[in-house]
Amino acid sequence: DFSPESLKTLSYWFERFVRTNVWSLPENEWQELLYKKKNSMSSIEICNNKFVTSKSTSLIFDVSIYWGEVLLQELGDRQWEQNMKTSKNDMFYGYMIIPVIPTTKFNCPAYPWAHIRVMSCKVLYTNNFEEEGLYKFYLQKLNYFKEKLLAVENK
């Protein structure tokens, strides 16, 4: 329903899902793969000696889109935009973003896919997920954006 509260339930599911959709290798195979990855342009997601499956990568993307849609519901007059206004060397170049404060001087976009991907790797690194993590992160980012918007309005 795109309500902020729906992120609480999604958080619980997401934590369990991310933990169970990885695979590991024995140490010798792990070292060999790291060597190959270092010497190639591989796109394998690696977190804490575990590999995020393609199914996980797809669902991380889906969760990030939902998280972004919840943010859009609250912000109201915003929409998704492809980040093409930055340098091609920018790590977020080409990503779908939510331009919270669209003016150049105060550019302050949300990067839902990057945010949720980092959260999923945190689960793999620490083997825990903050209860209602997606919801709490949403509130944190929303408050940050509202502060930035208020600062722009007061100038």
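In this predicted model, helix α3 has the buried residues Ser 56, Ile 60, Val 63, Ser 64, Tyr 66, Trp 67, Gly 68, Val 70, Leu 71, Leu 72 and Leu 75. Helix α3 is 22 residues long. Its first and last C-alpha atoms lie 31 Å apart, close to the 32 Å expected at 1.5 Å a residue. Gly 76 follows α3 and has a positive phi, near 85 degrees.

In soluble globular proteins, nonpolar side chains tend to be buried together. The largest nonpolar core here has 29 residues. The residues with the most contacts inside this core are Leu 7, Trp 67, Leu 71, Ile 98, Val 100, Ile 116 and Leu 134. The elements that give two or more residues to the core are α1 (6-20), α3 (54-75), α4 (112-126) and α5. Helix α3 supplies the largest share, eight residues.

Ile 98 shows what such a position touches. Residues up to four places away in sequence are not counted here. Ile 98 touches Gly 68, Leu 71, Leu 72 and Leu 75, among others. Its contacts also include Arg 78, Gln 79, Trp 80, Cys 108, Pro 109, Ala 110 and Pro 112.

The strands come next. Strands of a sheet pair through backbone hydrogen bonds, either parallel or antiparallel. In this model, three strands form an open sheet in the order β4-β5-β6, with antiparallel pairing. Strands β4 and β6 stand at the edges with a single partner strand each, so one side of each has no neighbour in the sheet. Two bridges join β4 (residues 81-82) to β5 (residues 96-99). Glu 81 has Ile 97 of β5 as its bridge partner. Gln 82 is bridged to Met 96, also in β5. Two bridges likewise pair β5 with β6 (residues 109-110) in the antiparallel sense. In β6, Pro 109 is the bridge partner of Pro 99.

Asn 83 is found in the loop between β4 and β5. Its relative accessible area is 5%, so Asn 83 is buried. The side chain of Asn 83 reaches the backbone oxygen of Phe 92 at 2.9 Å. Neighbours within four places in sequence aside, Asn 83 is in contact with Asp 90, Phe 92, Tyr 93, Gly 94, Tyr 95, Ile 97 and Tyr 111.

Tyr 12 lies in helix α1. Its relative accessible area is 52%, so Tyr 12 is exposed, whereas Asn 83 is buried. Tyr 12 and Glu 132 are 120 residues apart in sequence. In space, their C-alpha atoms are 6.6 Å apart.

The chain averages a pLDDT of 79, and 75% of the residues score at least 70. Confidence is highest in β4, at a mean of 90. It is lowest in strand β2 (residues 46-47), at a mean of 59.

Technical notes:
Residues numbered from 1 in each chain as written. Predicted model: local features only at pLDDT ≥ 70, side-chain atom pairs only at ≥ 80, totals over all residues. Heavy atoms only, no water. Pairing = 2+ DSSP bridges. Helix = DSSP H or I, 4+ residues; strand = E, 2+ residues; numbered from the N terminus. pLDDT = per-residue confidence, 0-100. Buried < 20%, exposed > 50% of the residue type's maximum accessible area, 1.4 Å probe, protein only. Polar contact = N/O pair within 3.5 Å; in protein donor to acceptor, adjacent residues only side chain to side chain. Contact = heavy atoms within 4.5 Å. Core = buried A, V, L, I, M, F, W, Y, C linked by side-chain atoms within 4.5 Å. Expected span 1.5 Å × (residues − 1).
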